[in-house]
Amino acid sequence: MQRGLPMQPTVVLLKEGTDTSQGKGQLLSNISACLAIAETLASTLGPRGMDKLIVNERGEAQITNDGATILKLLDIVHPAARTLVDIARAQDAEVGDGTTSVVLLAAQLLKEVRGYIEEGVSPHIIMKGFRKAAELAIEHIKSVQITVDKSNPEQFRSLLLKCASTSMSSKLIHSEKPFFSNMVVDAVQCLDQEDLNENLIGVKKIPGGGMQDSLLVSGVAFKKTFTYAGAEQQPKSFRDPLILSLNVELELKAEKDNAEVRVEHVSDYQAIVDAEWEIIYRKLEAIEKTGAKVVLSKLPIGDLATQWFADRDIFCAGRVPADDLQRVVQAVGGSVQSTCSDIRREHLGTCGSFEERQIGGERYNLFTECPKAKTCTLILRGGAEQFIEEVERSLHDAIMVVKRAVKNGDIVAGGGAIELDLSSRIRKHALSIPGKLQLVMIAFAKALEVIPRQICDNAGLDSTDILNKLRMKHANGEQWFGVDVDGSEGIRNNLDAFVWEPSLVKVNAINSATEAACLILSVDETVRAPQSEAQNPGPRAPPGTAQRALRGRGRGMPRR
């Protein structure tokens, strides 16, 4: 009689309830998730892109067509699809524009090779083909990009204006492109041209008025801070004042705060009060001796100090936000002082003009004609709160694009022109390569056409017809022809039409999209930990806590 085989023990590697998906099905599922995200964003691309209205769980609505903002607000949970969110954010942080393009490109790359995955082509061959095609594309961009001469200020400013208006053409503010393009270029040219820190461009939003009421303050503007009664007696404008920035509290402390003083006589109590008044008066007199006419502080300036300054024709503002105070120091010079003693002239700043002005329903403090101005403030006006927020996002994208153009000065034509040129070059090169890599590189070339195709679809044009016309133009060597959403032909030379973009936007988008596509293709298994059924209740309270908490409620505490 044959002996039965010994039973194999069951090996449990993962916690019960852990979800594991692997193999080809898993990869195709990840690709489908990425395509679903791209489908959401696709309609926002280009000058005729639509906007999305996104309402969060608190009922707050936001209207935007910025790819990175939409993905951030959607709160995507699919682990593979989150890769696309990350590349959109990286593109936004690095370049500022092209966030929708990078997501569409990554998803289209995956869509083009989905058939090869189903047929069993190894993902590593596809990844190799993608990387080789991306390398070719970036080399080609660098060989055809046009460098604008920075030594001619007029010509260089004209380049920056074209790049800013191209960035705005797909935003809500496209109807006011000339107005906002000038504002953005002036703002970037206010900054230190070596450092170009866009955080030093302050943005203040005031509901009401029209878009044309927005203004650029070549200095610093911030909302009037909370003030006491004496503030109305202070002067509201100065010429060439000295400005002192403090991190000091000029307020009488209430006696009950953080201290217990036992006194035997009333005179002792009076001495303590007098000492406190003596300290604050000493601080105020030290400030007056510096000759400063405008005193700003991060910390509160109380009613006593406000009235004291008003009597001496000095303007003061307390509780100034830290970033506004930092920008004031950048513009007027000097430094933020943490004490009122030993303040010398070099610690003070100055500006040509200081005034408090009514803008809309708010009062603003404006510092202009600053000698060291490496900062500026955009004051945005508009009807609805959501509209002004979208204007701010649009201007941020334009500022980032102009900043990159200042640093590099290399441009290519937008409107799908460079993508079609790259597509035809990669397709030609692919035909000289044997094996499966040829198919992958042709798929990459075809994926690049998603940008001009989507621009056509969003503008209501016949994308097949226009792409055929463009392919013919590019085959004849007219490399700057792209989509024209306004003309009757549907195509034009976008370089001559001044649809310009910094080449860095395209280089970064192709690099990021290729890396994201390769990352998703390299994943063949997802292991998802089980969700905890009960919310984590936290550590147990020590015994007797409840009794101690209740003791003394409604009855006197027992004496010990």
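Thr147 stands opposite Asp410, a residue of strand E17, in what is a predicted model. Strand E17 covers residues 410-413, and it is a handy place to start looking around. From there, the briefing moves on to the nonpolar cores and the cysteines.

**Strand E17 and its partners**
- Strand E4, residues 146-147, pairs with E17 in the antiparallel sense, over two bridges.
- Strand E20, residues 500-502, also pairs with E17 in the antiparallel sense, here over three bridges.
- Within E20, Glu501 is the bridge partner of Val412.
- In a regular strand, side chains alternate between the two faces of the sheet.
- In E17, Asp410 and Val412 point one way while Ile411 and Ala413 point the other way, and all of them are buried.

**Nonpolar cores**
- The largest nonpolar core counts 112 residues.
- Phe130, Leu395, Phe444, Ile510 and Leu521 are the residues with the most contacts inside that core.
- Apart from this core lies another one of 20 residues, including Val248, Leu250, Leu284 and Phe309.
- If you set aside neighbours within four places in sequence, Leu521 is in contact with Leu27, Ile31, Leu110, Val113, Ile117, Pro123, Ile126, Met127 and Phe130.

**Cysteines**
- How many disulfides does a search of the whole structure find? The search finds zero.
- Cys34 is buried, with a relative accessible area of 0%.
- Cys518 is buried as well, at a relative accessible area of 1%.

Note on methods: Residues numbered from 1 in each chain as written. Predicted model: local features only at pLDDT ≥ 70, side-chain atom pairs only at ≥ 80, totals over all residues. Heavy atoms only, no water. Core = buried A, V, L, I, M, F, W, Y, C linked by side-chain atoms within 4.5 Å. Buried < 20%, exposed > 50% of the residue type's maximum accessible area, 1.4 Å probe, protein only. Contact = heavy atoms within 4.5 Å. Disulfide = S-S within 2.5 Å. Helix = DSSP H or I, 4+ residues; strand = E, 2+ residues; numbered from the N terminus. Pairing = 2+ DSSP bridges.
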